[in-house]
Amino acid sequence: IERTVQELPGDLAADRPDAVLLLSGYNNLLNECGRGPVDTASCRQAIETIRFGVRDVIRRSKDSRVSYVFVSTLTPPGPVAPGAPRDRRISNDAIVETNHQIRQMVSTEGATLVDVYPLFAGREAEYVEADGLHLRPAGNQAVADAFLAAIQATVQQTPLLRR
């Protein structure tokens with residue numbers, strides 16, 4: 001999330017988007033929480049870093065006159081397949097706590113929440129790669145569909161005029 005916050009001003013200045021779509025924070029949790037308990041100081045700090053990073057992205061986007069900010073929750077970890085080269089799962093407890101913080105931050109900052117976590121429930125093996133972290137094409141499609149649905153529900157649509 002720190003990299004996202006750092007690079008955002010330049011991206012906003014160069015692109016001048018009407019909307020920002022955010023899904024970030026996995027590396028913070030992977031490095032500090034892994035599959036361990038959420039109650040460690042380093043894991044709690046990682047969750048706080050994500051929370052304040054999401055807040056900063058929303059605020060910087062709005063300060064740059066971005067009309068719409070869409071923020072996704074994190075997806076759950078998937079099962080690690082036998083023979084997977086590396087187990088990259090993140091503690092589900094850390095993801096759940098981070099998502100709780102994201103939901104609160106999005107609500108108080110006036111952005112639009114894209115809650116993808118429940119879409120993955122029971123479909124983790126289909127949506128998450130064998131390493132337990134990265135998404136399969138079906139998982140990427142589920143995230144994209146959730147963002148599109150949020151955009152369509154939030155942004156006023158103007159029908160095309162046909163002559």
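How far apart are the axes of α1 and α3, and at what angle do they cross? The axes come within 9 Å and cross at roughly 10°; axes here are lines fitted to C-alpha atoms, for helices over the stretch in contact, with angles running from 0 to 180 degrees between N-to-C directions. α1 is therefore roughly parallel to α3, a description that applies to angles under 35 degrees. Helices (H or I, at least four residues) and strands (E, at least two) are DSSP runs, numbered from the N terminus.

The model is a predicted one, in which local features need pLDDT of at least 70 and side-chain atom pairs count only at pLDDT 80 or more, while totals for chains, interfaces and linings use all residues. Residues are numbered from 1 along each chain as its sequence is written, and side-chain values use heavy atoms, with hydrogens and water left out.

On the α1 side, the contact with α3 is formed by Glu2, Thr4, Val5, Leu8, Pro9 and Leu12; α3 contributes Thr49, Gly53, Asp56, Val57, Arg60 and Ser61. Contact means heavy atoms within 4.5 Å. These residues divide into 5 nonpolar, 4 polar and 3 charged, where Ala, Val, Leu, Ile, Met, Phe, Trp, Tyr, Cys and Pro count as nonpolar, Asp, Glu, Lys and Arg as charged, and the others, Gly among them, as polar. Pro9, in helix α1, has a relative accessible area of 37% and is therefore partly exposed; buried means under 20% relative accessible area, exposed over 50%, and partly exposed in between (1.4 Å probe, protein chains only).

Helix α3 also packs against α4, at an angle of about 25° with the axes 10 Å apart. These two helices are therefore roughly parallel to each other. Their crossing is right-handed, which is to say that the near helix is turned clockwise from the far one by less than a right angle. Residues of α3 in this contact include Cys43, Ile47, Val54 and Ile58, and those of α4 include Ala94, Thr98, Ile102 and Met105. By class, the contact has 9 nonpolar, 2 polar and 8 charged residues.

Thr98 lies in helix α4 and is buried, with a relative accessible area of 1%. Beyond residues up to four places away in sequence, Thr98 touches Leu29, Ile47, Ile50 and Leu74.

Ile58, leaving aside its neighbours within four places in sequence, is in contact with Val69, Val71, Met105, Val106, Glu109 and Ala111.

Arg16, in the loop between α1 and β1, has a positive phi of about 45° although it is not a glycine. Arg65, in the loop between α3 and β2, likewise has a positive phi, near 65°. Arg16 counts as exposed at 71% relative accessibility, and Arg65 counts as exposed at 73%.

Definitions and conventions: Angles under 35 degrees count as roughly parallel, over 145 as roughly antiparallel, 65 to 115 as roughly perpendicular and the rest as oblique.
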